[in-house]
Amino acid sequence: MTTQQLHEQILLKKSFLCIGLDVDLTKIPEHLLETEDPIFEFNKEIIDATHDLAIAYKPNTAFYEAYGIKGWLSLQKTINYINEKHPDIFTIADAKRGDIGNTSSMYAKAFFEDLKFDSVTVAPYMGKDSIEPFLAFENKHTIMLALTSNEGAFDFQTLITNGTELYKQVLETSKTWKNSENLMYVVGATKAEYFTEIRKIVPDSFLLVPGVGAQGGSLSEVCKYGMNDNVGLLINSSRAIIYASKGTDFAEKAREEALKMQQEMEVIMKLKA
């Protein structure tokens with residue numbers, strides 16, 4: 001999927017909502033545990049209930065890898081279902097991979113060619129030769145960690161060296177890499193005050209923004225400082241939507257929460273226009 005196609009979907013759905021499919025078997029409705037593949041059945045019902053409100057889905061691979069080969073097969077069934085039923089929806093493998101040379105190439109092949117995700121998250125600590133293998137794939141997107149929403153982000157990301165915070169140096173450097181036009185960036189919603197500075201460096205890039213909802217990030221604040229002329233934001237919500245209920249009505253309740261966010265986004269987009 002190209003960034004232009006992604007923007008077209010945002011305009012069509014009046015939404016820039018990304019739903020995180022982070023499935024914990026201890027949190028899903030008990031009746032699903034009786035099915036052959038509880039993880040996939042949970043995801044399928046969430047997708048069926050919200051696909052007209054979301055422009056992206058983001059499975060965090062740790063929640064699948066934790067269950068071994070069965071979990072990986074559930075992930076494969078989930079991405080296949082999205083691609084077959086809703087090919088217009090942007091898919092994100094939240095894997096946070098990053099290694100040098102051939103290893104990164106193999107990670108990229110796994111997510112882009114085998115699983116056929118549109119994008120994958122990566123960690124930039126090892127530099128350009130750990131990221132450029134992902135960027136080589138046409139019409140695929142590499143979403144690089146820039147400024148994250150966790151408490152430990154302040155351990156390194158905001159440290160000042162040579163008069164500039166490290167995360168700014170990372171952003172600037174990433175723009176020099178081959179095929180850097182395929183880059184997107186992760187910026188946590190709880191760091192809303194930093195969006196102005198980030199937009200000075202990457203004004204046109206899409207930003208994947210976790211942390212709205214359960215982690216306390218403000219949608220209006222993120223949009224105030226982070227939205228560009230093409231919206232340029234993918235606002236992720238996971239727990240607040242998918243675990244809105246543990247009953248048989250879980251998909252219905254998930255839709256209600258997703259609709260609240262979509263409606264708020266529609267208002268913001270109208271005001272921005």
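Modeller: Let's go through strands, salt bridges, helix packing and one serine in turn.

Biologist: Before that, what kind of model is this, and how are residues numbered?

Modeller: This is a predicted model, where local features need pLDDT of at least 70, side-chain atom pairs count only at pLDDT 80 or more, and totals for chains, interfaces and linings use all residues. Residues are numbered from 1 along each chain as its sequence is written, and side-chain values use heavy atoms, with hydrogens and water left out.

Biologist: Okay, strands. How do I read which ones pair?

Modeller: Two strands pair if DSSP finds at least two bridges between them. The elements themselves are DSSP runs numbered from the N terminus: helices are H or I with at least four residues, strands are E with at least two. Here, strand β1 (residues 17-20) pairs with strand β10 (residues 233-237) in the parallel sense over three bridges, and Ile-19 has Ser-237 as its bridge partner in β10. β1 also pairs with β2, again parallel and over three bridges, with Cys-18 partnered by Ala-56.

Biologist: Which strands does β3 pair with?

Modeller: β2 and β3 pair in the parallel sense over two bridges, and Tyr-57 has Thr-91 as its bridge partner in β3. On to β4 (residues 119-122): β3 pairs with this strand in the parallel sense over three bridges, and Ile-92 stands opposite Ser-119.

Biologist: And are the side chains of β1 buried or exposed?

Modeller: Buried means under 20% relative accessible area, exposed means over 50%, and partly exposed is in between, using a 1.4 Å probe and protein chains only. In β1, Leu-17 and Ile-19 point one way while Cys-18 and Gly-20 point the other, and all are buried.

Biologist: Why is β3 described as largely enclosed by the rest of the structure?

Modeller: Because seven of its eight residues are buried.

Biologist: Next, salt bridges. How many does a search of the whole structure find?

Modeller: The general idea is a side-chain nitrogen of Lys or Arg within 4 Å of a carboxyl oxygen of Asp or Glu. The search finds 14 of them. Take Lys-58 and Asp-94, whose closest N and O atoms are 2.8 Å apart. That pair links distant parts of the chain, with Lys-58 in strand β2 (residues 56-58) and Asp-94 in strand β3 (residues 90-97), 36 residues apart. Both Lys-58 and Asp-94 are buried.

Biologist: Which residues are linked in a network of salt bridges?

Modeller: Glu-165, Lys-168, Glu-197 and Lys-200 are linked that way. Within this group, Lys-168 and Glu-165 have their closest N and O atoms 3.3 Å apart. Lys-168 has a relative accessible area of 14%, so this residue is buried.

Biologist: Now helices. How do I read the way two of them pack?

Modeller: Axes are lines fitted to C-alpha atoms, for helices over the stretch in contact, and angles run from 0 to 180 degrees between N-to-C directions. The axes of helix α5 (residues 101-114) and helix α6 (residues 128-135) come within 8 Å and cross at roughly 35 degrees. Contact means heavy atoms within 4.5 Å. Among the residues that meet are Tyr-107 and Phe-112 in α5, and Pro-133 and Phe-134 in α6.

Biologist: And where do α10 and α12 touch?

Modeller: Helix α10 (residues 219-226) packs against α12 at an angle of about 35 degrees, with the axes 11 Å apart. Leu-219, Ser-220 and Cys-223 of α10 make the contact with Met-261, Glu-264, Met-265 and Ile-268 of α12.

Biologist: Last one: is Ser-74 buried or exposed?

Modeller: Ser-74 lies in helix α4 (residues 68-85). With a relative accessible area of 2%, Ser-74 is buried. Not counting residues up to four places away in sequence, Ser-74 touches Asp-37, Ile-39, Phe-40 and Tyr-64.
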